Every structure is written in C-alpha cells, then in structure tokens.
Amino acid sequence: MSLVEIDGSVLEGGGQILRTALALSAITGKPVRIYNIRAKRSNPGLQQQHLTGVIAAARISNAQVTGAVKGSTELVFKPGKIGCGEFRFDIGTAGAVTLVIQTILPILVFAPCRSMVTITGGTDVPWSPPIDYVRFVMLPMLGLFGVKAEVRLVRRGHYPRGGGEVVLTVEPSKLRPVEVVEFGELKEIRGISHAVRLPAHVAHRQASSVREYLVKAGVKVPIDIAVETYEQGRDPHLGPGSGIVLWAVSSKGLIKGADALGERGKPAEVVGEEAAKGLLENLRSGMALDEYMGDMVIPYMSLAGNSVVGVSKITLHALTNIYIVERILGVKFEVGGKEGGPGLIRIVST
C-alpha cells in the first residue's frame, strides 16, 4: 500500500494532525508519512507526550515506525494487525494522558478483544482536555456512536510534576451513525472541583464561585458540584494543583462541558468563574455538542458514516481534523457555518 503523505503544518499545525493520522492509519492499515510535525508550535517536532502517543499506537497496532524520537519533525508509520489485552505507557513528564487516550481509543474500538491500558503522566494540565472532561463528557458522547469505553482515575497529575495515573478500558465496538443537532432543554449542571496538595478551601471556593456565577446569570436548574480534597499527610499526589470541570445535561441526554485550571496567583474564584462562563457560552448556541467534542467526533463520524452534528463553535481543530480524515479515508464532509461560530458538520459521502 502506498504511503499517504500528511503535511503536519496545515491549518492548526499542531499535535492533533499526528494523533488523528496515527489512529486512522492503524485502523485502515494504510501507512502514513507525516512531515513538518507541529511546525506551527514554538517547540516543533515530537515532544514527550506525542512520542508516547506514537509508541502506544505502534505497540497496539504492531506498526513499524521510523522517526519516533523526541524532536523529530518527520515520521513514517506502517501499521500491522491491531492487538488487544493489557498495556502500560508512561509519558515520564506532565504530558497529557488524555491526548494519548485520543490517539489510541479509536484504534482499540477496532481491536479483536477487550483492552485495559494504564497511562501515567498529567491528568489536569494546560492545553489539553482534563481527565474529568474525558470521563464525564467525551466518553458518554462517544457512546452515542457505539464506543464502549471507560476511564478510571487512579491519581491526578498536574504540571509541572505529573505523576498522574489512569486506566482506560475499551471493548471492541461496532460504530453507528449519529444525528444530533440541537442540545435540547437544560436539565441539570454537574461538576467536580478538585484540589491536591493544597488547602481544601481552594476546591470549595472554586465550586461556590461556579454556583454564584450561574445563579446570577439566571440558571434555574439543579447545580450539583462534587468537591474532591485530600487530608494533609494522606494526599497521594505530587501536586500541587487544582481545577474544575462542569458538564450540562439536556432533556435529550446530551452533555456539554467546560473547565478551568488553577495556577499560582490565580484566585479560586476566578477558576470557577472561568469554567461557568465557558459552559454558558457553549449552551447559548443551542447546538448539540460543545466546541471540544466538535473536533473529537470527526474521526468517529467518518468511521461510522452518514452522521450529522450541531456544534457550538466550529474550531480550527475541527477543520484540521476534517482535512486529515478526508485525506486518509477519502470521505467528504460539509461544514455549514463559519469558523468561530456555531454550525453543522455532516458527512456527505463515504
């Protein structure tokens, strides 16, 4: 099979191109050559979390890989037969475990048996989905496509020390098309506010700030935010770190999320307000999916066929994912709406 050539500098020009290309290569058996990897980033090439994603995809799909070294801007990935069972991958830094999950989850859906994957690294770090978003928004929404997966959080890991651990379990699944356009009536807002190696009041203040902001904005549905804290001396994390993930549930069973991370010098009240504001902005559009799910579902739409989704915001990430999927699978998408605004994304041919 001839190599599919992928320019890693197109559109968003980041790690998403690599993750999607590896997953689709493993699933289809088509070898890929990705060049100009992360060309638009200040530190181009493979960083540790990307390298871990490559290693994980290669091990699961029994691939031959050249260029899998830190800093590499070119990679050739020739997949073999997809395997299954138990795997363990250690990023070795606070690199995002959730981005490794993004890479391998689609592959494991097509595996011949159940898989359990332990990943260590960062669970709640900047520029990536927090683990609670994956647990309570991403996986339930991918369940609409028939994906059977769950994540168990063993230990949180924050920047810069990492040390987090999660266990991803995936059952082989047959994907089905999805048509979800409108979110429906808001029924409840839930969330988790956490603080590790920090005083418990940090997590409580984050949660209180969310409630105050949402009530002031006129939200009338139940708001249930769990608070996760640890006693000094009994905290298993490297820390310190805090964050909050919110998710809104609709009358149709659809879920949208938003999140914010704590950082040194950033008041807990600001963290909560940031997440609440992000959630309300996503709800305003009335579309079925939040902006993050809007790009995450693209590979699953293409593999399931004949799907259409409404998204709160068409992002450059989504447009980039569409470009890569079309390049590898030969399917065609239609995007109704402009980048930065709400819109519809549909498969027009497979």
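These legends describe close-up views of a predicted model.

**View 1. An open sheet of 4 strands with mixed pairing.** The strand order is β1-β2-β4-β3. Residues 4-7 form β1 and residues 64-66 form β3; these are the edge strands, each pairing on one side only. Neighbouring strands are turned by 15° against each other on average, direction ignored. β3 and β4 (residues 74-78) pair in the antiparallel sense, over 3 bridges. Here Gln-64 stands opposite Lys-78 in β4.

**View 2. Helices α2 and α9 against the sheet strands.** Helix α2 (residues 48-61) packs on the sheet and touches β3 and β4. Its direction makes about 15° with that of β4. Helix α9 (residues 316-329) lies across β1 and β2 (32-35). Helix α9 runs at about 165° to β1.

**View 3. Stacked aromatic rings.** The model has 4 aromatic pairs. In one of them, Phe-87 and Phe-89, the ring centres are 6.2 Å apart; the planes meet at 10°, so the pair is stacked. Phe-87 and Phe-89 are both buried. Phe-136 and Trp-247 are also stacked, because their planes lie at 5°, with centres 4.5 Å apart. This pair links distant parts of the chain: Phe-136 sits in helix α4 (residues 131-142) and Trp-247 in strand β12 (residues 241-250), 111 residues apart. Phe-136 is partly exposed, at 26% relative accessible area. Trp-247 is buried, at 7%.

**View 4. Lys-256 over the face of Phe-183.** Lys-256 lies 5.2 Å from the ring centre of Phe-183.

**View 5. The salt bridge between Arg-156 and Asp-124.** The model holds 15 salt bridges. In this one, the N to O distance is 3.1 Å. Arg-156 is in the loop between β7 (148-155) and β8 (164-171), while Asp-124 is in the loop between β6 (115-121) and α4, 32 residues apart. Both partners are buried: Arg-156 has 1% relative accessibility, and Asp-124 has 3%. A network of salt bridges links Asp-124, Asp-132, Arg-135, Arg-156 and Glu-228.

**View 6. Two further salt bridges, Asp-224 with Arg-190 and Glu-291 with Lys-313.** The closest N and O atoms of Asp-224 and Arg-190 are 3.9 Å apart. Asp-224 lies in strand β11 (residues 223-228) and Arg-190 in strand β10 (residues 186-196), so the bridge ties together parts 34 residues apart in sequence. Asp-224 is partly exposed at 41%, as is Arg-190 at 35%. For Glu-291 and Lys-313, the N to O distance is 3.8 Å. Glu-291 is in helix α7 (residues 291-296) and Lys-313 in the loop between β14 (308-311) and α9, so parts 22 residues apart in sequence are tied together. Glu-291 is buried at 17%, whereas Lys-313 is partly exposed at 31%.

Conventions
Residues are numbered from 1 along each chain as its sequence is written. This is a predicted model: local features need pLDDT of at least 70, side-chain atom pairs count only at pLDDT 80 or more; totals for chains, interfaces and linings use all residues. Side-chain values use heavy atoms; hydrogens and water are left out. Two strands pair if DSSP finds at least two bridges between them. Helices (H or I, at least four residues) and strands (E, at least two) are DSSP runs, numbered from the N terminus. Axes are lines fitted to C-alpha atoms, for helices over the stretch in contact, and angles run from 0 to 180 degrees between N-to-C directions. Contact means heavy atoms within 4.5 Å. Rings of Phe, Tyr and Trp (its six-membered ring) pair if their centres lie within 6.5 Å; planes under 30 degrees apart count as stacked, over 60 as edge-to-face and the rest as tilted. Buried means under 20% relative accessible area, exposed over 50%, partly exposed in between (1.4 Å probe, protein chains only). A charge sits over a ring if NZ of Lys or CZ of Arg is within 6 Å of the ring centre and within 35 degrees of the ring normal. A salt bridge is a side-chain nitrogen of Lys or Arg within 4 Å of a carboxyl oxygen of Asp or Glu.
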